[in-house]
Amino acid sequence: MSANQNPTLMIDQLSVSYGHVKAVSQFSLSVQAGEVVALLGPNGAGKTTTLRALSGLLPIQQGRVTLNGVQISGRRPDQIARAGLLQVPEGRQVVAPLTVLENLQLAGLASRRCPAHELNKEIDRIFSLFPNIARRRDVASGLLSGGEQQMLAIGRALIARPVALLLDEPSMGLSPLLTEVIYEFFGRRAEFFGGVAVILAEQSRIALTVADRVCVLSKGRVVFTGLASEVSQSLMVHAYLGVESNGTT
Ligand code: ATP
């Protein structure tokens, strides 16, 4: 992965407001194909707002977002998803009455990015990534555990063959043990995220275990962007306590 390579996902000076309240200010980040960037920050830092704005679910006040060089900011959420930017939202959101298999079929067909004749092969691929949900293929997804629902939600996004994938706090609401299971899966990076530009939002440092780089948000502003190995405990404390920081470690 070369620093000179054109980024798959480029976010330039993104600002998002709720009415008069600015939630995210001048957020810039580039993510290469195959790279995982952790987006860290405390409750209310602006992680979900950023991801929802990238997906077109919130209007952008200022800034520009491109995917493989094509502008996606200002487009509708369905157009952005079809272009290949997919989000796994906080709280999972599977279609509860449908079985695991039906959820995957629906996601594959709805995306239009997975050709119908390859759907079964893609579903087998997702089941091989997540054996836990393969065993539950005929169970209504509303009856799955939180961890299984998270795996299904990720499977639904992967089946649509994302170019860029936004994961919003996949550990939220999961026990430490289940969080570890999910992160063990993510640890198999090439199988899960091979070639995909990934932003992984989390409140905790667990995201650093699989990230190449990290971007730390505090009160809607980026306070650090750098290698995951470079982020220091003191910077995290500053960001999480809301203390001003110049981003040095
Ligand atoms: P969490 O980890 O709790 O999900 P977050 O980092 O994702 O937090 P956001 O949910 O993006 O943070 O919130 C950023 C800011 O925007 C916060 O100050 C929050 O109170 C505010 N905010 C979020 N949603 C709304 C909304 N619908 N209307 C008004 N303000 C909002």
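Guide: We may begin with a term: a salt bridge is a side-chain nitrogen of Lys or Arg within 4 Å of a carboxyl oxygen of Asp or Glu. Please note that this is a predicted model, in which local features need pLDDT of at least 70 and side-chain atom pairs count only at pLDDT 80 or more, while totals for chains, interfaces and linings use all residues. Residues are numbered from 1 along each chain as its sequence is written, and side-chain values use heavy atoms, with hydrogens and water left out.

Visitor: How many salt bridges does the structure hold?
Guide: There are 10 salt bridges. One of them joins the side chains of Lys47 and Glu169, at 3.8 Å from N to O.

Visitor: Which parts does that pair tie together?
Guide: Lys47 belongs to helix H1 (residues 47-54) and Glu169 to the loop between S7 and H7, so the pair links parts that are 122 residues apart in sequence. Helices (H or I, at least four residues) and strands (E, at least two) are DSSP runs, numbered from the N terminus.

Visitor: New topic: what domains does the assignment give?
Guide: Domain 1 covers 1-84 + 162-249, and domain 2 covers 90-158. Such bounds come from an automatic or database domain assignment. The C-alpha centres of the two domains lie 24 Å apart.

Visitor: How many residues are in contact there?
Guide: In domain 1, 22 residues are in contact (heavy atoms within 4.5 Å) with 18 residues of domain 2. The buried area, meaning the accessible area (1.4 Å probe) that two parts lose on being put together, summed over both, is about 1,600 Å², and carbon and sulfur atoms give 63% of it.

Visitor: Which residues of domain 1 lose the most area?
Guide: Arg82, Phe185 and Phe192 do, and together they account for 30% of what that side buries.

Visitor: And how many salt bridges cross that interface?
Guide: The rule finds zero salt bridges between domain 1 and domain 2.

Visitor: Which element gives the most to the domain 1 side?
Guide: Helix H7 does, with five residues.

Visitor: Now the sheet: in what order do the strands come?
Guide: The order is S2-S1-S4-S5, four strands in an open sheet with antiparallel pairing. Two strands pair if DSSP finds at least two bridges between them.
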